[in-house]
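Hi,

Here is the structure I promised to pass on.

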Amino acid sequence: HAHQEAQSFARKQLKETESRMIALQESSDGAKWSDVEFLKTANEQLVECRRVLKFTYVYAFYMDPSPHMAMQRERFEHHQEMLERFTEHLSELSEKPLPEMDRTDVVNQTRVVDRFMKNILKYVDDGMDDL
């Protein structure tokens, strides 16, 4: 439920992002639209991660509870928790007031979150063999 609400919030943020992008562009001398698109990319990543996280809990609920799957379950839950942390950190970075926002931090964290999300999806797709 919390991830559904967070996903809805991220979608709302995405709608407000364009006005923040315009404000950021106007406050930066000589900034082009491409210089502020990182904000939209970060918010789109947040929406996607919230969607993935929402379904990881469903997936974890239906995982095989048998002892021989305990290691895979622990590993999956660890990666799920890490994705949640990385996503929250990206959310914090992208919601900062514009004067306090560090473009490099947002861009780097967006990449980290994207890679981690793709890795957890691949891990599940590959049958949860070692990462």
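Phe116 counts as buried because its relative accessibility is 18%, where buried means under 20% relative accessible area, exposed over 50% and partly exposed in between, with a 1.4 Å probe and protein chains only. Phe86 comes out at 22%, so that residue is partly exposed. Before I go on: this is a predicted model, in which local features need pLDDT of at least 70, side-chain atom pairs count only at pLDDT 80 or more, and totals for chains, interfaces and linings use all residues. Residues are numbered from 1 along each chain as its sequence is written, and side-chain values use heavy atoms, with hydrogens and water left out.

Back to the rings. The structure holds 3 aromatic pairs; rings of Phe, Tyr and Trp (its six-membered ring) pair if their centres lie within 6.5 Å, and planes under 30 degrees apart count as stacked, over 60 as edge-to-face and the rest as tilted. One of them is Phe61 with Tyr62, an edge-to-face pair with 4.9 Å from centre to centre and 85° between the planes. Phe61 is exposed, at 62% relative accessibility, and Tyr62 is exposed too, at 64%. Phe86 and Phe116 make another edge-to-face pair, because their ring centres are 5.1 Å apart and their planes stand at 75°. That pair links distant parts of the chain, with Phe86 in helix α3 (residues 70-95) and Phe116 in helix α4 (residues 103-125), 30 residues apart.

Now the overall picture. The protein has 4 helices and 0 strands, and along the sequence the pattern reads α-α-α-α. Helices here are DSSP runs of H or I with at least four residues, strands are runs of E with at least two, and both are numbered from the N terminus. The C-alpha atoms fill a box of roughly 60 × 25 × 20 Å along the principal axes. Of the 131 residues, 37% are buried. If you take the contacts (heavy atoms within 4.5 Å) with a separation of 6 or more, 72% of them come from residues 24 or more positions apart.

What is in the middle? The largest nonpolar core has 27 residues, and Phe38, Leu39, Phe76, Leu83, Leu90, Met101 and Val106 touch the most other members. A nonpolar core is a set of buried Ala, Val, Leu, Ile, Met, Phe, Trp, Tyr and Cys residues joined through side-chain atoms within 4.5 Å. α1 (2-27), α2, α3 and α4 each supply at least two residues of this core, and α2 gives the most, with 9 residues.

Leaving out residues up to four places away in sequence, Phe76 touches Thr56, Tyr59, Ala60, Met63, Ile120, Tyr123, Val124 and Met128. Met101 sits in the loop between α3 and α4 and is buried, at 12% relative accessibility. Beyond its neighbours within four places in sequence, Met101 contacts Arg20, Phe38, Leu39, Leu93, Ser94, Lys96 and Val106. Met21 is 80 residues from Met101 in sequence, yet their C-alpha atoms are 12 Å apart.

Val52 lies in helix α2 (residues 33-61) and is buried at 6% relative accessibility. Its contacts are Leu83, Met117 and Leu121. Asp35 is 17 residues from Val52 along the sequence and 28 Å away, C-alpha to C-alpha.

Which glutamines are buried? Gln45 is, with a relative accessible area of 9%, and Gln80 is, at 5% relative accessibility. Gln45 belongs to helix α2 and touches Leu90, Thr110, Val113, Asp114 and Met117. Gln80 belongs to helix α3 and is in contact with Leu53, Thr56, Tyr57 and Ile120. The C-alpha atoms of Gln80 and Ser91, 11 residues apart along the chain, are separated by 16 Å.

Cheers
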